[in-house]
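Here is a short briefing on how two chains meet, followed by notes on one of them. Start with the view below.

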Amino acid sequence: MTFARRSLPVAGLVLGLATLLALAALPMDSAAQMVAAVVLLGGLWIAVSPTDDEHHHTARLIFIVIGVLISLRYLFWRGSYTLYAADWISLISVYTLFIAELYSFAIHALGTFVNVRPLDRPDLSMRAEPADVPRPSVDVMVPSYNEEPELLEITLRAARQMRYEGKVTVCLLDDGGTDQKVNDPDPAKAAAALERRHELMALAERLGCRYITRARNEHAKAGNLNHALTVTDSDLVVILDADHVPTLDFLDRTVPWLARHPDVFLVQTPHFMINPDPIDRNLLQSFSRMPAENDMFYMTIQRGLDFWSASFFCGSAAVIRRKHLEEVGGLAGESITEDAEAALEMHSRGYRSVYLDEPMVAGLAPESFTGFVVQRMRWAQGMTQILLLKRPFMRPGLTWYQRVGYMSSVLFWLFPFARIIFLTAPLAYLIFGLEVYNASVMEILAYTVPHVIATYMVSTALFGRTRWPLISEVYEIMQCLFSLLAVLKVFARPRAPSFVVTPKGETLDDTFISPLSRPFYVLFWLAMLGFAGGVWRMTEYPLSRELTLVVLLWNIFNFITILAALGALLERRQRRAAPRMPVREQGELLLPDSGRMPVDITDLSAGGVRVRLPGDWTAPAVGATATLSAPAPALGRRVELPLVVRSVSGRAVGAAFDLSTERAADDAVAYVFGDRARWQYFQDRRLRKMPVSASLKLFFTLMGAPVRQHVRLGFAGALRATRARLAIVFATKDVAS
Amino acid sequence: MTRVLALLLGLVTLVAAALPAAAEPLPLSRFTAQPGPLRLTDAEKTLDLFVPVASTVSVTDAILSLDYLNSRALLAERSVLSVRLNEATLAQIPLDPAQPQGTARVRLPADLWRAGFNRLTLSVVQHYTDRCEDPEAPELWTEIDLVDSTLDATLDPQDDPYRIADLSGLFSPGLGGTDAVLMLTAPAADPAVTERALPQVAQALALRRDYAPLSISTGTAQPRPQTAEPAAPSPEAVFGEQPDQPLWRYDVDGAAVHVLAGTTAELAPLLADGRLDGIDGPHLAVDGSGGVARLIVTGPTPDDVIAAARDLGRIQDVLNPAADVTFRGIEGAAEPVAPGVRLKPEAAYTFSVLGADSRTFSGMGSHGMIVTLPVPPDFYTYEGAQAELLLDFGYGAGMGPGSIMNIMLNGEFIHGVVLNQPNGTAFRDYRISLPASLLQRGDNTLEFAVSLRPPLSVGECASVKGRHLMAQMQGSSTFRMPEGGSATVLPDLGLFSASGYPYVGGGEPGSTIYIPDEGLRGSALTLIGKIAQAANVPGTAWRVETGIPETVPGCAIVLAPASDLTSEIFGPWSVALGKVDRWPYPSLQALRQASTDDARSVARRVMDLLGLARDAEAAPAAAAAPSLRQEGSLGPLGVMTAFANPWSETPRPLTVISADDAATLAARVEDLTAPAVWGQLQGDLAVWTPEEDVHAVTVSEPIFVAEDDPWLLLRLVLSNNPMWWLGAAGAVLVLIVVSASVLLRRRAKRLAEEE
């Protein structure tokens, strides 16, 4: 009876899925298919509507199944009736496009499976744990390679102030001052490395942290951490990137999971970015209004993976059990995404991971598009290495759903192939006349359009709160050209890639066009050529006019995303190294002459604060000193932070913290970065769904500016180059005369 | 003296009956498919009309009467309308701007006429100025009224005894061919002869008339007592070469051409002594002369008679110069199918096989070539399927601007080629893909419209005549059918009229027409002949049975006046004819206007499938739809209705053709087989009047038929019933969601326990 009860749902599911496949394959004419699609889309719309709070599990299942059915029908139809061509080149194009579609559907299906029921973990606190529960010792490891000491100081100060009843040691792992670097054949480099070593040693000593370096820079960050493991002995290891500043309760909320469950090897938390990534900053400028690019991964996908015990280590903002880590030989592995690889190894040994969806580490996104691309190329290469070298799909020790989870995470990074095919397929037809998509408009309306709508609706229902429509397309297009080459290199030589540190905390003195723009110009002109080809085809080939129209619409969509990409390639000026976080809090400004002035705190950064004065108070003069008094719930008291006024604009006053005392510096870091609730509030405020119409409107409003600025900057660049040439010419003449 | 007078009177009557074409002038519109008046534009223009003449007659005289109207801008001395017959110029009619309208009578000499097709050419050469003329100026036109212009031919039947080879001439659709035949059987003839042999004969003779109707009547040949001198003029007295061996000894009711069918034993009393001696197998014989003819279909047994009738449809007349032939069986396939009758899916056919040999287009102007693509009536495929044209064509040097070749399928433009290579060029396998959706079931017209223009020449009044212009379309060009199979939705009277489907070509072992009594056998045979013409191939197993059974099996037609019909025949369907008629409301309303699936837009079709269509014209009524019962009369109307046969084990249609009484029904069947009515059949209910007004509508539930292809049948059924698929999808959805919910809940519970 028990066996029957356990097996019945499995049998029902298997039978249902088999029947679903059969239904998807049944043939129908377009008109009937359109009827079926309209009804299914209606059902999908009804099922999607109540799913905003993610807890209508049945509704989620319904829309996922309907969406999969619509997409499967489309793919069966594509595979059965449209894959033919008159010549080999066209045939290759036809199949290439179809493979890209299959890939996209596979990623979509894997994504829907992973996110069928994102897991919400309960809040735990070490303070609430019984006294007999042991408090494991913790080593907080902050690996560094070339980051500025000021950046590291903030992270170390925050780490040092984390509340925890057990033993905590904060370690600065300096890979910029290794023996190898200090003894570099280049005297200048050697001197710089030595200077860095001394500076960081002094910093560590001043902050009560342990400075660790090593003989050689082997295996980059992973090697650095592995070396640290050999010279430390705590039960747990917290890994924080140099720019990842933890909140004060980080250990309090993460360690209970490891203290309670000896089979848990990892507690991962989100990487909460306090500055916009370059695409957001350059193009969208919606940092405080729109979910960040990584919110979809950290706020949705990792929770989904957690339900299937497949959430993985993301390199930072996580606590790892030393014993398990050492069991798999530390972090060093065969890939340059050693974090995910180590998690895979530990999952394979039956250990569990926990993902806590609470922003407890504030970090920095790359400032420049180049930095962004470097980071994404490393991820793409590393994940491809895992696919080729670790083969998650046949990894012993993993459950089937963990394999699915890992494949979902790994296969995603092959998107450059599909994205480039989707970009070029309409051009192949419009410019070269390759019939890459053999279908009538009626069929497109009956099969393709419902598939696109269903995919969009399901994606929006699953990820809409953390990723707005069309945003993914822009991000993928921005990365695809570079990631494709990177991934191809991995396919050619899977063990060749080496770790490249993501540049962070850069400042950009002028607005300029990213040096990586050239391929996007090519795409821009190809899309324009596609339009011309489309118009020509409309007039010359009346029989295929409807298909041409559809392909033109496809090209328009691509063109919009290319324009958006061009917009994102305009690197805007960014002079402030410490990013400001908008806040809405109250405080008091203590002025030597005016007493306590209630103020609204409007933004905070590591170095200062901006406040808005009430109307009946006189603004202090620039250069005046003051003290900001504000409640700091994370510290459980008010902080009193000395300030120097730097700017006054109307009622807005900008001031820098006076961090001349250790106490002030600690309080400033604890106040600015220590409060998890502030990050949570900020993040929650951005979470909302955006209708596709609004998203399109946003894009259309952004379309004009990129072209104008590219022309302007391009013209200015050409002018500068001409002037420079002329100057050289005249200078040469002067010398000659 | 009285006997001689009566003899002459009889002769005149017979000849008049034999030569209906000579009875009154024929409008020229009969010889062309072009609607409306003929407009001859440009400086030179020619129209060819092809006038067929039966091989069994000779034209002794013909008068062509031309009603024309020409432009007032023409130059009288240089504008002329020429009439030619078989390339011989017979008249030059001046086109005078002072007298722009006129009627010209032209005698077409007997010696220029020949058996078969005769080319009657109407050609204009017209000018509006003496120099620097634009040859395409709008002032250059002459119009000929093809309805009022007539051909009045006097025909003389051949005197030589008829042979089997003359059957094509006797039943020719051209001048001199008969459009009516009497079929006689012996008294107490074997039922197999009347039920099965006569339908085969009817089809064989109707097919010789191409698409021209053949009216068939039936009767029993009653032997007349032999007298030394006939009391009344009789054919044997008129045409008998040997008075003691008369051609026939029974009354033919004035018919010029008749068929006598039966076993040798049955027919022996009706024929001259020894006429049937020695016949030991299926046998055909033709005798008579001078426009009066008899076809004997006989054999020792009824099966031999049936075989002879069937072979009548297989033989090639021209290969049988004898008057008699006895068939000795078929070698090879038992039932050979005429090659190229219908195209097969995925098969490739050269234009030559399709009847279009290599063609050369010469000289300036517009040229055309038509290739007929006979697509099977039940051909069915998916929308994305592609047909393929691989053209072998070329053109010569010296083409000027405007030289193009447009390709159209069923009047829809599909491809164009500019002929602009200075030195000309030739293509092999020039590939054009055609969406299968452009193909219609039945005959499709693939048209190549070629326009050849000379190069522009510089200088005042300079011109190039363009006689050097030349393009060729090779017969080796290929048409490849798209993949597909046999499946269709029935009933469909449009499909039936276009192809005879499903009664011919539907894979049926045999089809039957039920008639209440012998009086309608001729009408049934007329209908069978028409169906064979529509299918362009005879049905192999037609039966005509008397008596309307209580249950009608298989694929059948009931031909009966309303008084002989019972409501049981119509089953639960919303239309019933009889003493009390039953009409569905929608059809009553919809009779105002014909409506078919083909005419419906995609949106309309989607609405239909969703069940959202509101107006009765588009939405098929359910079988049990409310209907109006009424007692009255059909008056002069003929009614044809098809629906799912309630007694058939497999989904097959039953067609009922009815009228108020037997005489009216016979007349309406004659009307039905006329092109004007037959071509308008659509839907599943058609009503027509003596004035040939047709109202057709779809009111019944569809039935789905597919031959040997369950996948296609499934596609067809689901395409017409997407809600079935949706129902299954709903059930699967529930199963998956319930199962997955249980499993996910279990996992969530386990995770919670682990926490």
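**Interface of chains A and B**

The contact draws 52 residues from chain A and 46 residues from chain B. This is a predicted model. Together, chain A and chain B bury about 4,500 Å². Carbon and sulfur atoms hold 72% of that buried area.

**Polar and charged links**

- Between chain A and chain B, the count is 1 salt bridge.
- The salt bridge joins the side chains of B:Arg715 and A:Asp29, at 3.0 Å from N to O.
- The interface of chain A and chain B also has 11 residue pairs in polar contact, with both residues at pLDDT 80 or more.

**The chain A side**

- Five elements of chain A each supply at least two residues to the side that touches chain B: helix 1 (2–25), helix 2 (30–48), helix 3 (57–81), helix 9 (250–260) and helix 17 (441–463).
- Helix 1 of chain A gives the most to this side, with 13 residues.
- By class, the side of chain A that touches chain B has 36 nonpolar, 7 polar and 9 charged residues.

**Chain B as a whole**

- Chain B has 14 helices and 38 strands.
- Of the 755 residues in chain B, 52% are buried.
- Among contacts in chain B with a separation of 6 or more, 78% come from residues 24 or more positions apart.
- The accessible surface of chain B is about 32,600 Å². Carbon and sulfur atoms account for 53% of that surface.

Note on methods. Residues are numbered from 1 along each chain as its sequence is written. Chains are lettered from A and ligands numbered from 1 in the order in which they are written. This is a predicted model: local features need pLDDT of at least 70, side-chain atom pairs count only at pLDDT 80 or more; totals for chains, interfaces and linings use all residues. Side-chain values use heavy atoms; hydrogens and water are left out. Contact means heavy atoms within 4.5 Å. Buried area is the accessible area (1.4 Å probe) that two parts lose on being put together, summed over both. A salt bridge is a side-chain nitrogen of Lys or Arg within 4 Å of a carboxyl oxygen of Asp or Glu. A polar contact is a pair of N or O atoms within 3.5 Å; within protein, one must be able to donate a hydrogen and the other to accept it, and residues adjacent in sequence count only if both atoms are side-chain atoms. Helices (H or I, at least four residues) and strands (E, at least two) are DSSP runs, numbered from the N terminus. Ala, Val, Leu, Ile, Met, Phe, Trp, Tyr, Cys and Pro count as nonpolar, Asp, Glu, Lys and Arg as charged, and the others, Gly among them, as polar. Buried means under 20% relative accessible area, exposed over 50%, partly exposed in between (1.4 Å probe, protein chains only). Accessible areas come from the Shrake-Rupley method with a 1.4 Å probe; for residues, only the protein chains shown count as cover.
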